[in-house]
Amino acid sequence: MRRIGYMVATLMIFAFSERAQGFLPPLDIDVVWIYFDYEDGYANDALRIVKNASTEIAKPEWYPAYSRNNRFAYIKGQTNRKIKVRFWHNQGEGAINNMHVRTTGSGYYPGTIAESIVYFTSGSFGEAILTMTNGQVSNYVQLWGFYYYWYVTKLNGQPLDPQYYIGMTGGHDYYILLAAPQAPMSVPWTDVLDYACVWARNQSTAANVAKKITEGIYYLGDTDGDIDYDYASYYCTDYNKIRLMNFLNDVKSRNNVYVNCTDLGNLVNVFAITVGCPANSKRMWYGINTHEIDPIGDRFGWVTVSWSYHQFGWINNLVNDGSLRLDRYGTPRVPTNMAQDDYNQLLINGTPPPNSQVYSVQIVN
Amino acid sequence: MKNKIGCRIIAMFAFFYVNIVLCITPCLSGESFHIRKGVWGDPPQEYKFRNVPEDGGFVKEFPLETVQNKIKENCTGNITLEYWVYTSVDDAEMAMVERLDMSNLSMQNIIDFPLPGGQIGDNCWHQLGVGAIQFIRNNILVSITPSSFDSSADLSFIEGIAREIDSVIVNSEKVYDTKLILAPEIHEIQIISSLPKNWDDQVAVKINATDPKGGKLFFRKYATGFALVSEDGALNFSLNKNTDSVEDSNRAKVKIWVWNEDNIVTSIEHEIPF
C-alpha cells in the first residue's frame with residue numbers, strides 16, 4: 001500500500017507540474033487574504049491600529065473577496081516583518097500538499113518574501129506566516145504603499161520552470177511611525193495618522209516631527225479654509241481633555257470649525273503622540289498682551305490680543321504652538337521647537353505671566 | 001446659525017452652564033456681591049457678580065426686531081451678536097462664568113474696571129481693546145464682538161451698541177412666572193450606559209425634551225467645549241471631577257443645557273451615582 005501511494009503521489013506531482021506549465025486542467029492558485037497585524041504586540045507583525053475610538057480596522061487587512069484593503073502600521077527601521085497569508089488552489093482536496101512561494105515587490109516595500117513553504121492543511125486552503133526579508137521599514141515617518149507579485153517556485157517540493165505566477169496583491173498602504181505608540185494613543189487612530197504621517201513625512205527625529213505636525217495643524221486652517229481661531233474652547237472638557245472624535249468629524253463635515261489655544265495645544269500634543277513623538281501641552285496664565293500675531297485661519301489676520309491665558313504644545317521642553325504665527329523679526333513663522341524664553345520674547349509684549357502648568361492630554365469622548 | 005440684520009448682526013448658537021455661589025459680600029457703596037467658581041482649573045478662577053433684585057422679572061424672548069431697528073442707526077461695523085434667554089438669573093450667571101472661564105480672552109469685570117459711561121446690564125465684562133462686551137440683564141445674556149478682529153479698526157462703537165441693546169431689554173415687557181417663558185421642556189433624563197466607577201469614566205445619557213413651538217432642540221453638557229452639541233438629546237461625556245463633583249457625596253452631578261432655535265435655554269441637573 002505504501003509503495004502504491006508513493007507512486008500515485010509521484011504521478012500527481014508530475015501531472016501538476018505539467019498543469020503548471022499550461023496543461024489541462026489549468027492550475028489556479030490564488031492569495032485569499034493577508035494579515036499584516038495577525039498577533040498581539042508588534043514584535044513580529046504590524047501594530048494594532050484603529051480608525052478611531054469607536055471603529056476597528058477590519059482584518060485581514062487585504063481581503064479582495066470582501067473588497068477590503070485596509071492600511072496597517074510599522075515603526076521606522078523595523079526589519080523582518082511577518083505577514084499571515086492564506087492561499088487556495090483549484091486541484092481538489094489533498095492534491096497539493098505544499099508549495100513554495102516568493103514575492104517580488106514594487107513601490108516602497110519593507111522587504112520581500114524569500115522562497116518559503118506553504119502547507120495546504122485545510123483542503124484546498126493553506127496558510128503560512130511569511131517573513132519580509134531583504135529590506136526594512138524606512139527610517140522616517142511616512143504613509144506609502146507597495147505591491148507584491150507572487151510566484152510559486154515549487155509544488156510538492158518539485159521545482160517549477162518557469163515559476164507559476166499567482167498574481168499581484170496590493171496596493172498595501174501603510175503608515176510608518178517614529179516610535180512605539182504611547183498613551184493615550186497606545187493604539188493609534190488612522191483618522192489622526194492620515195494627517196500626521198503626511199505632515200511629518202520623511203522626518204526621522206522627534207524635533208522635526210514636532211515641527212511638521214505643529215505647522216500642519218496651523219495650516220490645516222488655510223488649506224481647508226474652514227478652521228478659525230476663537231477665544232473659546234470648542235472641543236475640550238478641561239485644559240487637558242479633548243473630544244478628539246468631535247474635532248475630526250467636524251473638520252471633515254463642517255465649514256465653520258472654531259478652535260482656541262487649548263484645543264490646538266492639545267491637538268499638537270495628541271497628533272505628535274500618535275506618530276510616536278512624546279508630547280505634552282503647557283498653559284501659562286494670567287495676563288498676556290501679545291505683539292502682533294496671526295491666529296489660525298483667516299478670521300483675525302495680524303492682531304495684538306489680550307489673553308487671560310495661553311496654551312500650546314510642549315514637546316521635549318520646547319514650545320510648539322499650532323495656534324498662531326509670530327512676526328517679531330519680519331519673517332512670519334509658526335513657533336516650533338522654540339525655547340520658552342525665546343517664545344515669550346517673540347509673543348509677549350510685557351512681562352510673562354507668573355504661572356504655568358504642563359499637561360498630559362486625555363482623549364475623552 | 002447666522003442672522004443678518006441691519007448692519008449685519010450675526011447671532012451664533014453656542015453653549016453654556018453651572019456654578020456655585022460662594023459668598024455674599026456687602027460693598028461700601030451699598031451694593032453686594034457674590035462669587036462664582038470657574039469651571040476648569042485647579043483651583044478654578046473666581047468671578048464676582050453684583051447681586052440683583054429677585055423681583056426684577058424675566059424677559060420672555062430676546063427683543064430681536066427692536067434691537068435690529070435700534071442699532072441699525074448706530075452700527076458702523078460688522079458685529080457678532082449672541083443672545084441667550086435663560087429661565088433663571090442663576091443660569092444666566094453660570095452661563096457667563098462658563099463663557100468667561102472656557103475662553104482665553106482677557107475680560108474685565110465692570111465692577112473692578114468701570115466704564116466712564118456707567119454700568120451695562122446687571123453684570124458686565126468687557127475688553128474694549130478688541131471690541132468685546134458680555135453682559136447679563138435680567139435673565140438675558142448678550143455677547144458682542146466684532147465680526148473680524150482688525151487691530152487697527154475703530155471699535156468704540158461696540159460699547160454704544162451694547163448700551164442700546166441693554167436699554168431695549170430694560171424696556172421690554174417682563175413676566176414674573178418663568179413658566180411663561182417658552183423654554184424647552186425637559187421630561188426625562190436617562191442614563192443609557194453602565195454606571196461610572198471613577199472620575200473620567202464615560203457616561204451616556206438620553207434627554208427627552210420638547211420645544212413648545214415644535215422646533216429643533218440642542219443639548220450640551222455644562223463646562224464642555226462649545227462645539228460639543230447634540231441635536232437628538234443623546235449625550236456622551238466623561239465625568240469631570242472639577243466640574244461635576246458634589247461635596248460630601250459619592251455622586252456626580254451633571255448639568256445639561258437645552259435650548260431651542262430662539263436661543264431660549266433651560267437646564268437640568270442630574271445626579272449620577274458611582
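This is a predicted model: local features need pLDDT of at least 70, side-chain atom pairs count only at pLDDT 80 or more; totals for chains, interfaces and linings use all residues.
Residues are numbered from 1 along each chain as its sequence is written, chains are lettered from A and ligands numbered from 1 in the order in which they are written, and side-chain values use heavy atoms, with hydrogens and water left out.

Student: What volume does the largest cavity have?

Tutor: A cavity is a set of points, on a 1 Å grid over the protein atoms alone, where a 1.4 Å probe fits but cannot get out. Grid points are joined across faces, edges and corners, and a volume is the space filled by probe spheres set on the points. The count comes to 1 cavity of 30 Å³ or more. The volume of the largest cavity is about 220 Å³.

Student: Which residues lie nearest the centre of the largest cavity?

Tutor: Lining residues have an atom within 4 Å of a point. Strands are DSSP runs (E, at least two residues) and helices likewise (H or I, at least four), numbered from the N terminus; β6 (79-86), β9 (132-137) and β10 (140-146) of chain B each supply at least two residues of this lining. The lining has 20 residues, and those nearest the centre are Asp230(A), Glu82(B), Arg99(B), Ser143(B) and Thr145(B).

Student: How many nonpolar residues does the lining of the largest cavity have?

Tutor: Ala, Val, Leu, Ile, Met, Phe, Trp, Tyr, Cys and Pro count as nonpolar, Asp, Glu, Lys and Arg as charged, and the others, Gly among them, as polar. By these classes the lining has 5 polar and 4 charged residues, and its nonpolar residues number 11.

Student: How many disulfides does the structure hold over all chains?

Tutor: A disulfide is a pair of cysteine sulfur atoms within 2.5 Å. Over all chains, the number of disulfides is 0. For Cys197(A), the nearest cysteine sulfur is that of Cys277(A), 12 Å away; for Cys236(A), it is that of Cys261(A), 9.3 Å away.

Student: Is Cys236(A) buried or exposed?

Tutor: Buried means under 20% relative accessible area, exposed over 50%, and partly exposed in between (1.4 Å probe, protein chains only). Because its relative accessibility is 0%, Cys236(A) counts as buried.

Student: Which residues form the covered face of β11(A)?

Tutor: In a regular strand the side chains alternate between the two faces of the sheet. In β11 (residues 125-133) of chain A, the uncovered face holds Phe125(A), Glu127(A), Ile129(A), Thr131(A) and Thr133(A), and the covered face holds Gly126(A), Ala128(A), Leu130(A) and Met132(A).

Student: Which residue takes a positive phi in the hairpin of β10(A) and β11(A)?

Tutor: Strand β10 (residues 116-122) of chain A pairs with β11(A) in the antiparallel sense over 2 bridges, and Ser122(A) stands opposite Phe125(A). The hairpin has 2 residues between the strands, and the one with a positive phi, near 65 degrees, is Gly123(A).

Student: What is the bridge partner of Ala204(B) in β15(B)?

Tutor: Strand β13 (residues 202-210) of chain B is joined to β12 (residues 185-191) by 6 bridges, running antiparallel. It is also joined to β15 (residues 234-238) of chain B by 5 bridges, again antiparallel. In β15(B), the partner of Ala204(B) is Asn236(B).

Conventions:
On a 1 Å grid over the protein atoms alone, a cavity is a set of points where a 1.4 Å probe fits but cannot get out, and a pocket is an open set with protein on both sides within 12 Å along at least five of seven lines; lining residues have an atom within 4 Å of a point. Two strands pair if DSSP finds at least two bridges between them.
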